[in-house]
Amino acid sequence: MSTKTGPQRYPGASRANWYQDDFGGDAMQVNVVVLHTTEGRSLPGYGGGGSAPNLTAVPDLGAKKLKWYQHFDIETSSRALVNLGGGVETNTLNVCQVELVGTCDPKTHAKWKKSGDAHLYWPEAPDWALLGVARFLSWMHEEHGVPLSGPKSWPAYPSSYANGGGQRMSGTRWEAFKGVCGHMHVPENAHGDPGAVDFARLLKHAKADLDLGGDKEPAETGTVEPRVPAFPGRKYFRAGAVNEHVLKLGKRLVERGFGDHYKVGPSRAWGEADRLNVRDFQKSRPELRGDADGHPGPLTWRLLFS
């Protein structure tokens, strides 16, 4: 059974419609976000939670912001995808699912617009709505290491329905996928949502939120300095972890003068020396002293690499 890592509640999300206590779910380490559209104008009931995602984003058109509702932990399987017997896993394959209240169907959009029913048409979503989704994606990137990347093809509905745009992943590709995709990309699912959302703009906003708009930028001296690398996620810095992020962290600790606990220098394997060196760095910063446990989070990472 997988172990959850990092925060499980999206900051500010309401738990007024919490379904995990009724439906349970499998623990998993998330590396994929799937975006849906509800094809409605208000928070769905999801059949009492039987078809609920992890979170729902409800547009407040007057205030021009998204209100978030959380139904399951970030790393607990939710129930919004079709999962056929004998095929690949969908809901339980390291996926956090988000429903965006509104429509991707141009006919539904035209009907609601004609009748004066206020709604959000996601293929033409205003910037404030895209920013709201992008902030969630940047948080998932920082806290859970979900890559800010995804499929190139986001065909418009209804051509996206039943793989009409040829966008659906094969089972093999789905099992290897990490990043952000739509309901229409998931195998075994015929739905075509969220249609032609402006995915490139979503990623641009998410990267800007993390200061990842470019690899390098000019400094006042005229030299070129690297931007702060994005925090990959807490799961990469725990017992038994072996990866390039541990090595990058260790090298930076040495550069900053916090490598005293290394006997031969940093490596790709997370160990007690890494934890003690991180703790020393945390104790040196007033922003981190109250939580100097030696386990790097987004703030520790940013301050270390700044």
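What covers the buried residues of α8 includes α7 (244–255) and α9 (298–305); helices here are DSSP runs of H or I with at least four residues, numbered from the N terminus. The model is a predicted one, with local features needing pLDDT of at least 70 and side-chain atom pairs counting only at pLDDT 80 or more, while totals for chains, interfaces and linings use all residues. Residues are numbered from 1 along each chain as its sequence is written, and side-chain values use heavy atoms, leaving out hydrogens and water.

Helix α8 spans residues 272–284. Its buried residues (under 20% relative accessible area, 1.4 Å probe, protein chains only) are Asp274, Arg275, Leu276, Asn277, Val278, Phe281 and Gln282. Gln282 comes out at 1% relative accessibility, so it counts as buried.

On the aromatic side, a search of the whole structure turns up 13 pairs, where rings of Phe, Tyr and Trp (its six-membered ring) pair if their centres lie within 6.5 Å, and planes under 30 degrees apart count as stacked, over 60 as edge-to-face and the rest as tilted. Tyr10 and Trp68 make an edge-to-face pair, because their ring centres sit 5.2 Å apart with the planes at 75 degrees. Tyr10 lies in the segment before α1 (20–23) and Trp68 in strand β3 (residues 65–70), so the pair ties together parts 58 residues apart in sequence. Phe231 and Phe237, by contrast, are stacked, at 6.1 Å centre to centre and 15 degrees between the planes.

Terms used:
Helix = DSSP H or I, 4+ residues; strand = E, 2+ residues; numbered from the N terminus. Expected span 1.5 Å × (residues − 1). Buried < 20%, exposed > 50% of the residue type's maximum accessible area, 1.4 Å probe, protein only. Contact = heavy atoms within 4.5 Å.
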